[in-house]
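Here is a brief report on one protein model. Keep the sequence and coordinates open while reading.

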Amino acid sequence: VTEIEFNSNKKRLEVSIKLFQDDLLKAIQARDESILEPCGEATTIQTLLENYLSENFGIVVNEKELKLTYLGSKCEENDLIYLFVSLDLKNEPEEMKVSNSLLFDQIDSQENIVNMKVSDKKRSLLLNSSRPVAKALFD
């Protein structure tokens, strides 16, 4: 599940992505078999997570792809991991195109829910391997 919210004070989109640790581990082990768990502050793990995100997640606003700034991760005791990203955006978006193919390479039936909030407007998208990109309007 991905949560995206426009922070008008900080002029950015704030993103949190919630995944199961074991699913994410399979995805990053496909890149580096020596990784034994996805949690930790080790530079190697954080770099792998950042690279995996940049390859499988993106946001386009007004035909312009926004640059991801990876902020880090947080593991929970309930086998979940949160990945945090911010994207600079000066003005409130009228539309947002989200690409989210996280875990599609590992799980054939993977579906990614994307919840978005811009001011008081909320939108949700359901993405899967046959539809990894979708657009939401906020006008």
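The sections below cover the model basis, the core, the disulfide and a surface patch.

## Model basis

This is a predicted model: local features need pLDDT of at least 70, side-chain atom pairs count only at pLDDT 80 or more, and totals for chains, interfaces and linings use all residues. Residues are numbered from 1 along each chain as its sequence is written, and side-chain values use heavy atoms, with hydrogens and water left out.

## Nonpolar core

The largest nonpolar core holds 40 residues. Such a core is a set of buried Ala, Val, Leu, Ile, Met, Phe, Trp, Tyr and Cys residues joined through side-chain atoms within 4.5 Å. Buried means under 20% relative accessible area, exposed over 50%, partly exposed in between (1.4 Å probe, protein chains only). Ile-4, Ile-59, Met-96 and Val-98 touch the most other members. Helix H2 (residues 43-56) contributes the most, with five residues. Helices (H or I, at least four residues) and strands (E, at least two) are DSSP runs, numbered from the N terminus.

Contact means heavy atoms within 4.5 Å. Leaving out residues up to four places away in sequence, Ile-4 touches Phe-57, Ile-59, Met-96 and Val-98, among others.

## Disulfide

There is one disulfide (a pair of cysteine sulfur atoms within 2.5 Å). Cys-39 is joined to Cys-75, S to S 1.8 Å. Cys-39 sits in the loop between helix H1 (21-29) and H2, and Cys-75 in strand E5 (residues 69-75), so the pair ties together parts 36 residues apart in sequence. The S-S torsion is about -100 degrees, so the disulfide is left-handed. Cys-39 is buried at 12% relative accessible area. Cys-75 is partly exposed at 29%.

## Surface patch

Val-1, Ile-113 and Leu-126 make a nonpolar surface patch of about 220 Å². Patch residues have over 30% relative accessible area and no salt bridge; like charges are joined within 9 Å, nonpolar side chains (Val, Leu, Ile, Met, Phe, Trp, Tyr) within 5 Å. A salt bridge is a side-chain nitrogen of Lys or Arg within 4 Å of a carboxyl oxygen of Asp or Glu. Areas come from the Shrake-Rupley method with a 1.4 Å probe; for residues, only the protein chains shown count as cover. Val-1 lies in the segment before strand E1 (2-7). Val-1 is partly exposed, at 35% relative accessible area.
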